[in-house]
Amino acid sequence: MITIINGVTTKQVLAEELVAVLNTMDLEGYFYLGYPVLGGMDGKIKVDALLVCRQCGLVIFDLEMSSEENIENKISLLDDLYNNMEARLKRYRYLSKGRQLQVPIHVVSYAPRYKTGAEEVCTSSEHLKDYLLGLSWYQSDAYYEKLLEAIQMISQIKKRGSRTYLQKDNSKGAKLKEIEDQISCLDRYQSKAVIETVDGVQRIRGLAGSGKTIVLALKVAYLYTMYEDKIIAVTFNSRALKGQFVQLISNFIIENTNEEPEWERIKIIHAWGSRNAEGLYFNFCRANNLVCYDYMEACRKYGRNSFAFDKICQEAVETVTNPKVLYDVILVDEAQDFSKYFLQMCYVSLPRDKKMLVYAYDELQSLDNKNVESPEDIFGYTDGKPNVTLDNSNGRAEDIVLSKCYRNSRPILITAHSLGFGIYREKEDREETSLVQLFEDKKLWEDIGYTVKEGAITEGKSVTLYRTEENSPAFLENHSSIDDLIQFKKFDTIEQEAKWVTDDIEKNLTTEELRYQDIMIIHPEPRTTKSYVSQIRLMLMDRGIKSHIVGVQTTPDDFFQEDSIAVSQIYRAKGNEAAVVYFVNADVCARGINLSRKRNIIFTAITRSKAWVRVSGLGENMKILISEYEKVKKRNFELTFPYPDESQRQNMRMIHRDMTQNEIRDIQKSNDSLAEVASKLSKGQIRKEDLDGKTIKDLKDVLFD
């Protein structure tokens with residue numbers, strides 16, 4: 001089966017005729033329209049179409065729309081395409097044997113308006129099919145996957161294979177290199193997300209570790225190479241992502257074109273910004289002569305909480321009357337962290353006649369209990385009709401779900417979902433279900449790669465969900481035992497926890513052949529991160545191991561360092577990954593107010609791991625998390641739970657809703673007052689007849705309605 005990837009083209013009619021020919025043939029591989037761009041000595045050459053398949057090898061197509069025949073010039077163009085592609089593929093030593101490239105390169109022109117053709121110039125679909133049927137590749141089993149890797153350039157983009165220092169065959173460093181070497185190709189959904197381009201809005205959803213950030217970075221670079229007159233902006237919530245985007249985009253463009261990017265055409269900017277740093281919000285306000293709020297000003301007006309940015313975005317989009325066009329294309333990462341008003345701001349900052357907006361998100365990674373609304377609700381209605389609807393039936397993917405997880409192994413991902421949703425949590429008295437939260441869209445479970453093993457995803461029914469090797473590759477977990485992949489530890493004191501973490505990190509660096517950049521320490525509470533991790537940092541320092549708190553000792557844009565362990569609060573850890581993740585003080589996320597947010601923190605922290613997870617904390621609350629982990633482990637990492645009905649889901653949303661500090665204080669005061677009344681009644685200090693009858697009746701009506 002051929003997977004069709006529809007990129008940017010001005011030759012759509014001929015492309016459709018070419019696809020029709022391919023669909024009549026029994027081929028296995030990928031057909032790319034408008035990809036790649038070949039950089040040569042004489043400049044860039046845009047390839048009209050490319051076929052990579054097991055039967056034929058590599059076929060480059062030139063699509064000729066003109067009827068003006070010049071066979072000599074056409075053959076010269078095909079020679080240029082061949083020579084540039086050969087030069088590119090020879091940069092990948094694994095595609096050659098000695099001096100000989102092991103991949104057959106074919107070039108052909110499809111020119112249906114020509115009256116006469118040639119061996120490599122086909123004038124009809126029948127002629128083209130005969131040409132393709134005459135191709136063969138006897139070494140495809142050995143080189144097909146490597147060819148795909150070279151065409152997609154993932155290995156070069158991620159700069160893998162640099163662990164030349166390894167001495168041991170079974171160290172963590174050796175295991176990590178093996179994992180990295182196997183993640184070398186984009187799957188069909190990632191390929192579509194990178195290359196398929198929509199004149200309108202495109203949504204990309206996926207699990208943590210499904211490659212959303214890499215996909216967006218590659219998409220920026222692809223659009224840059226295809227549209228030389230467009231200004232492209234990519235924006236995000238976590239400033240620590242900027243370095244990733246710069247590196248990935250640079251590597252892709254250089255590998256594609258042999259040229260450095262023109263950074264005036266690519267804007268990698270934070271969502272908010274400040275008076276001293278560029279941000280999409282600040283740029284929007286300045287361009288439209290609106291009031292700009294920095295962080296402190298927003299907090300003074302709307303309160304020091306996670307919704308302050310939402311409020312100032314709402315104010316901006318509701319105030320502007322004739323918004324200025326700022327960019328031609330905007331890509332948004334971490335969209336789950338933004339309200340609809342920020343996405344509306346992006347939308348109105350684009351040209352009115354051709355809006356190109358791409359936003360990507362994972363609903364469970366929201367740390368502030370924000371849900372990404374439907375496109376219709378985000379972008380509104382005009383005359384009763386939605387301004388934006390997403391449709392995949394027109395040949396281009398407008399709504400893409402990335403179901404395969406390439407970062408987290410099956411046990412790690414399912415553990416994260418189990419704790420994040422509270423699947424095996426013990427429910428408390430006032431709760432109707434043990435669940436803390438749940439996807440509102442039942443279909444999303446299957447979209448993100450889960451399979452129903454028993455029961456059904458139906459209200460009131462029990463269901464068991466698991467992940468197959470198709471969506472959670474086995475090589476991500478087979479390198480280590482379960483007890484090494486995941487460890488949960490309870491301690492009585494911070495000092496005991498710090499010593500355990502320090503001992504393990506020292507072992508990773510000295511005997512397990514890991515590097516500093518392979519390790520990340522995450523703390524759940526930004527306000528207490530610095531004080532809580534001080535013991536760990538002191539013990540590391542005593543052993544000659546440097547560490548830095550991201551955004552404190554370094555700028556927020558500088559996450560990893562070559563000679564220092566990254567220590568991060570959870571908000572800055574988002575979007576980053578490491579081989580070993582230490583999630584300390586995890587006990588604060590076990591129970592209590594704002595439990596949905598706390599459980600999202602656990603999920604986000606655990607899913608930063610590429611291989612090994614260490615979760616630690618103190619006291620009885622840590623026992624709760626350990627108990628939940630032991631239950632999912634005992635069930636061989638399957639999720640079994642009764643699917644709640646609407647009443648139970650409403651109760652769940654109400655109890656675990658995100659609350660501001662003012663709301664928490666008001667609730668605490670009310671609880672204290674009620675506790676005081678109950679105590680005085682039980683001690684006979686007051687009688688129920690002393691209480692106001694109407695107040696008692698109102699309280700009874702509310703509590704027992």
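The model is predicted, so local features need pLDDT of at least 70 and side-chain atom pairs count only at pLDDT 80 or more, while totals for chains, interfaces and linings use all residues. Residues are numbered from 1 along each chain as its sequence is written, and side-chain values use heavy atoms, leaving out hydrogens and water.

**Strand β1**
- β1 (residues 2-6) pairs with β2 (residues 29-33) in the parallel sense over five bridges; pairing takes at least two DSSP bridges.
- Five of the five residues of β1 are buried, so the strand is largely enclosed by the rest of the structure; buried means under 20% relative accessible area with a 1.4 Å probe, protein chains only.
- Ile-2, Ile-4 and Asn-6 lie on one side, Thr-3 and Ile-5 on the other, and both faces are covered.

**Helices α7 and α8**
- The axes of α7 (residues 188-195) and α8 (residues 212-226) come within 7 Å and cross at roughly 40 degrees.
- Gln-190, Ala-193, Val-194 and Ile-195 of α7 make the contact with Val-215, Leu-218, Lys-219 and Tyr-222 of α8; contact means heavy atoms within 4.5 Å.

**Helices α10 and α12**
- α10 (residues 280-287) packs against α12 (residues 308-319) at about 25 degrees, with the axes 11 Å apart.
- That makes α10 roughly parallel to α12, a term for angles under 35 degrees.
- Tyr-281, Phe-284 and Cys-285 in α10 meet Phe-309, Ile-312, Cys-313 and Ala-316 in α12.

Notes. Axes fitted to C-alpha atoms, helices over the stretch in contact; angles between N-to-C directions. Helix = DSSP H or I, 4+ residues; strand = E, 2+ residues; numbered from the N terminus. Buried < 20%, exposed > 50% of the residue type's maximum accessible area, 1.4 Å probe, protein only. Parallel < 35°, antiparallel > 145°, perpendicular 65-115°, else oblique.
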